Amino acid sequence: MNWKCFLFLSLLGTLCFSQDAEVKKHTLDLSQFYGSVILHNTDISHLITNHPGGIILGYNRKTYGSQEWEQLYNYPDYGASFIYQDMNSTTLGMNFGLYAHYNFYFFKRNIQFRIGQGIAYTTNPYDREENFRNNAYGSDFMSSTYLMLNYHKENLISGLGMKGGISIIHYSNGNFRAPNTSTNTFALNLGLTYDLDGGEELAYIRTTNREKVTEPVRYNLILRGGLNESDVIGSGQYGFFIFSGYADKRLGRKSAIQVGADVFFSNFLKELIRFQATSFPEMDVQPDDDYKRIGVFLGHELFINKVSVITQLGYYVYYPFDFEGRVYNRVGLKRYFGKQWFGAITLKSHGAAAEAVEFGMGIRL
């Protein structure tokens with residue numbers, strides 16, 4: 001799994017959404033975790049020597065249905081969290097992360113699923129002279145995603161509750177700088193929750209009769225950009241631009257399907273083409289090979305208030321230089337500003353291999 005910093009700023013923006021002033025409830029939670037680094041790539045096998053551990057601290061704002069989206073998603077929480085993780089490795093060091101998160105509830109609110117996205121700082125990144133073995137973290141700051149699936153029981157005694165389950169914590173910089181092999185930690189966690197309002201019970205708002213949501217086909221234009229680097233360490237960071245156009249059709253309150261095309265201007269490929277052409281003649285790469293690509297894609301958009309989650313699967317129809325295969329995927333968030341304009345932070349990958357974190361602005365017509 002390779003989820004990146006494409007979510008952080010957009011998710012953080014959800015904390016600023018207007019909420020009903022009459023219903024406010026806040027909780028804290030603190031969990032300790034202990035686990036193992038998953039061997040998702042044999043290149044990091046030398047880094048998996050001990051079991052990492054740490055703590056997860058969360059602040060949550062509960063929802064009770066004052067807005068329609070809260071009812072549609074079974075009254076989730078949203079909030080901020082902090083993770084301290086000791087990788088128990090002199091090569092990997094320690095990580096400190098700040099996140100925005102959502103909590104979703106299932107099975108009579110006894111099961112809680114949390115997804116958090118943020119930025120992490122690592123104390124011991126790759127250094128060619130002093131820490132050349134750390135091929136997982138190529139930069140001081142990385143994007144980080146974590147998932148928690150817990151049995152969750154609040155307000156057992158005077159606002160105090162408990163939670164326990166499993167967590168997955170991911171660190172990567174989305175190929176912003178090489179190396180970027182990344183790590184995934186699978187851990188068991190156990191902790192406490194505390195209701196800052198002393199366990200006061202509030203009623204959920206329920207709306208039974210809703211009008212059906214229908215829209216005509218809408219057309220989207222978006223310009224994305226950013227910086228990235230190939231897997232060749234020291235090859236340099238280069239800017240890229242992507243022009244995309246697609247049509248979408250709402251299927252209801254929650255979902256829309258998409259079909260469209262991308263045109264990629266990825267300047268890091270210019271350097272990679274030059275490098276392979278001059279250093280590896282057996283690869284049959286020519287210095288003047290075109291670095292541009294054109295792809296077509298199908299996608300899905302999941303609407304959550306003013307934020308939506310997008311997933312897209314694409315195929316290059318113009319592909320003069322072979323880089324990671326013809327199939328690509330994109331996942332990320334859109335944040336709407338009014339009825340037409342939106343910003344987006346997305347991760348473009350080829351399977352689990354990240355190519356770039358994309359920052360975009362677009363219009364939905």
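Helices (DSSP runs of H or I, at least four residues) and strands (runs of E, at least two) are numbered from the N terminus. The model is predicted: local features need pLDDT of at least 70, side-chain atom pairs need 80 or more, and totals for chains, interfaces and linings use all residues. Residue numbers start from 1 along each chain as written, and side-chain values use heavy atoms, without hydrogens or water.

**View 1. Confidence along the protein chain.**
The mean pLDDT (predictor's confidence per residue, 0 to 100) of the protein chain is 90. A value of 70 or more is reached by 94% of its residues. Residues 1-22 fall below 50.

**View 2. The barrel of eight strands.**
The strands β1-β2-β3-β4-β5-β6-β7-β8 close into a barrel in that order. Their pairing (at least two DSSP bridges between two strands) is antiparallel. Within the pair, Gly164 faces Leu190 of β8.

**View 3. Strands β12, β13 and β14 side by side.**
β12 and β13 (residues 307-318) are antiparallel, with 11 bridges between them. Leu302 has Val309 in β13 as its bridge partner. The hairpin of β12 and β13 leaves two residues between the strands. There, Asn305 adopts a positive phi near 60°. On to the next pairing: β13 meets β14 in the antiparallel sense, over nine bridges. Thr311 has its bridge partner in β14, namely Val331.

**View 4. The largest pocket.**
Its volume is about 520 Å³. The pocket lining has 19 residues, and those closest to the centre are Glu215, Arg250, Phe303, Asn305 and Arg364. Asn305 is also the positive-phi residue of the β12 and β13 hairpin. At least two lining residues come from each of α2 (68-72), β12 (293-304) and β14 (327-337). By class, the lining of the largest pocket holds nine charged, eight nonpolar and two polar residues. Pockets are open point sets on a 1 Å grid over the protein atoms alone, with protein on both sides within 12 Å along at least five of seven lines; lining residues have an atom within 4 Å of a point.

**View 5. The second largest pocket.**
About 430 Å³ is the volume here. Of its 23 lining residues, Asn41, Asn180, Thr181, Asp231 and Ala353 are the closest to the centre. This lining splits into 11 polar, eight nonpolar and four charged residues. Classes: Ala, Val, Leu, Ile, Met, Phe, Trp, Tyr, Cys and Pro are nonpolar, Asp, Glu, Lys and Arg charged, and the others, Gly among them, polar.

**View 6. The largest cavity.**
The whole structure contains two cavities (a 1.4 Å probe fits but cannot get out) of 30 Å³ or more. A volume is the space filled by probe spheres set on grid points joined across faces, edges and corners. Which residues line the largest cavity? They are Asn228, Phe240, Ile242, Phe264, Ser266, Phe268, Arg293, Lys348, Glu355, Ala356 and Glu358. Two or more of these come from each of β10 (238-250), β11 (255-266) and β16 (353-364). β16 has the largest share, with three residues. The lining of the largest cavity counts five nonpolar, four charged and two polar residues.

Terms used:
Contact = heavy atoms within 4.5 Å.
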